[in-house]
Amino acid sequence: NEKQYVGFATLPNQVHRKSVKKGFDFTLMVAGESGMGKSTLVNSLFLTDLYKDRKLLNAEERINQTVEIIKHTVDIEEKGVKLKLTIVDTPGFGDAVNNNECWKPITDYIDQQFEQYFRDESGLNRKNIQDNRVHCCLYFIPPFGHGLRPVDVEFMKALHEKVNIIPLIAKADCLTPNEIKKLKDRIREEIDKFGIKVYQFPECDSDEDEEFKQLDKELKECTPFAVIGSNTVVEARGQRVRGRLYPWGIVEVENQSHCDFVKLRNMLIRSHMHDLKDVTCDVHYENYRAQCIQEMTSKLAQDNRMESPIPILPLSTPDVDTEKLIKMKDEELKRMQEMLNKMQQQMHEKDQ
Amino acid sequence: MVAVVIGDHNEEKRNLSLGGHVGFDSLPDQLVSKSVTQGFCFNILCVGETGIGKSTLMNTLFNTMFENEEASHYQNGVYLRPRTYDLQESNVHLKLTIVDTVGFGDQINKEDSYKPIVDYIDTQFENYLQEELKIKRSLFNYHDTRIHICLYFIAPTGHSLKSLDLVTMKKLDSKVNIIPIIAKADTISKSELHKFKIKIMSELVSNGVQIYQFPTDDEAVSEINASMNAHLPFAVVGSVEEVKVGNKTVRARQYPWGVVQVENESHCDFVKLREMLIRVNMEDLREQTHARHYELYRRCKLEEMGFKDTDPDSQPFSLQETYEAKRKEFLGDLQRKEEEMRQMFVNKVKETEAELKEKERELHDKFEQLKRMHQEEKRKVEEKRRDLEEEMNAFNRKKVAAETLSLSQPLKKDKDKKK
């Protein structure tokens, strides 16, 4: 009805237009032992080659290797939409002989990005804040075992409250469909058992059609995704596709009956990329911030000097100890007030 | 172990070409889908004299009969009346708040008229800032009440701005997006309007009033926005009444000499206002409010509180000192409050003691009084008793006397009797 039309139904279009102009950014972390196919998977996901000229270490060099953090940032564009993509690599993870706390550099890195953002957000001039927070971490589980290993469990538990973890079964082309199913069930069980909080897909809207809901359900039951990546293009069934050539056949990366690569790509990029960012901002970062503030206030209450520089502290919330003091005094006053009231009443009664 | 960022390939931030369709072009759609689910909110402030047509214009713009009692001219001062409505159009939910300035322009002395308006705007900023500074905060579902647009209604005198208009707009231009509009424009002819608009804009410019400029940096809308900027201030006519013109019914005002059609672009700029305000730039208005006006407020407020900005890599000594100073101040305040409370308690105790003493004295007095009364009674009773005793004695004496008398004369009586 044209007469009734006000026009604010165009708001979504306005938001769309502005977001395209502004561009997007996303930070993806990949973690897992060497040789799990992380780089290959990233290349396959983004259909590009981020890892030109990288150096692979041999076994000897890896004995005492420490975990490093390497960032690659690229600007990619598709149909007018610009994305600043940052891939955070964690070479060395799980490669040394003694891997005690090998996830610490990773958690430290994530915390540093949170801290940097917190500081920027608390500053006076917030015009150009850069968001380097890690929005998603793909964790590669080797397909050779019977489920999660201790290092997998420890890693995920150390990170599950700091970043969205998506566990993947790597190099899935060495498992038959039955084996994959067994492994997935096992891993899901263990994730439950150890209380690991991996990224949960949000429930789809109740007003979506049945087909969509069915797809959504299938997607959720398919986790953890069993993936295969490839840097090479082969000819299969008359087409040129990314795949791996074996004597016994050709594994196609984008063939849904061969692996879950397409599901992963659709979920990670095409439908849930923004939600991953939102959960990072609204949940993981907020938890970090709240914890940070509480730690700071309690530390400051104890000693008068602080070693590390602090971001701006919101003074509208008094420190915990003073608050407790205020509360105690309040209660004391209340009790005295009650006593006074009682005495007054007694006097009243005496009068009468 | 400290995380060592070995390679930061940022220096060569490459533009890579993609070997196929990756799919992140759906990102804007993902964002839009989330915003639609969350719903939008928009807050309009209408500033203008009583009766100038603010409510009618809102009704006309949003095609809804919002509440409508006529305001009185006899308010003591200016006060702001916010009203929130939930509107929906196709699948878009809009939480619209319209803030009216009641009593604006009615007082004889209007020197302070702008103050309630500025205070209201600041309060909404303050509320947002408070939420932002909380430890546990939820900004994503916070009901944003910050004013996104101030429609300033200029009376259609045909000459120039009123002094109150200039003063008010100058106070507001750094706090809110202002779009000046000429109200009740059906009393101005085309040529008068042209001169009026030019005069108004030149007065605004020469006094440095920053009004909202429709943005021209986005190619998709830069053309239309640029052309609309040239039509400011918009001359509007509002009406919710429908009149039949030709074979259509349109919103209009019917006069003996003709019908002023609200949506006729040659009659007034209503359509332009609606286009700019709602259909093209609503999101930009929200963005400007957040990114510019709110940030300015926040920066001033934090500076007031004593925070200074620091470089990212220098040790914030000054910050620490500032914090220490603030903390001392705060503790000092706390101690003072404690003292006050203690004093209050001591006073209260003294008071109650005094009361108790008073009551005691009263009781004592009463007791004394009772005692005296009792004594008095006792005395009286004693007196009565003595009287009675006296009487009894007297009676006894009389009795004895009478007996002795009767003893000495009993025979006589008998003799008398015997005779």
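## Two roughly parallel helices

In this predicted model, helix H4 (residues 104–122) of chain A and helix H5 (residues 150–159) of chain A have axes that cross at roughly 15 degrees and come within 10 Å. H4(A) and H5(A) are therefore roughly parallel to each other (angles under 35 degrees count as such). Axes here are lines fitted to C-alpha atoms, for helices over the stretch in contact, with angles from 0 to 180 degrees between N-to-C directions. Helices are DSSP runs of H or I with at least four residues, and strands are runs of E with at least two, numbered from the N terminus.

Which residues of H4(A) meet H5(A)? Ile106(A), Thr107(A) and Ile110(A) do, touching Phe155(A), Ala158(A) and Leu159(A) (contact means heavy atoms within 4.5 Å).

## A three-stranded sheet

Chain A also has an open, antiparallel sheet of three strands, ordered E7-E8-E9. Strand E7 (233–236) and strand E9 (249–252) of chain A are at the edges with a single partner strand each, so one side of each has no neighbour in the sheet.

E7(A) pairs with strand E8 (residues 239–246) of chain A through four bridges (pairing needs at least two bridges found by DSSP). Ala236(A) sits opposite Gln239(A) in E8(A).

## Reading the numbers

Residues are numbered from 1 along each chain as its sequence is written, and chains are lettered from A in the order written. Local features need pLDDT of at least 70, and side-chain values use heavy atoms, leaving out hydrogens and water.

How values were computed. This is a predicted model: local features need pLDDT of at least 70, side-chain atom pairs count only at pLDDT 80 or more; totals for chains, interfaces and linings use all residues. Angles under 35 degrees count as roughly parallel, over 145 as roughly antiparallel, 65 to 115 as roughly perpendicular and the rest as oblique.
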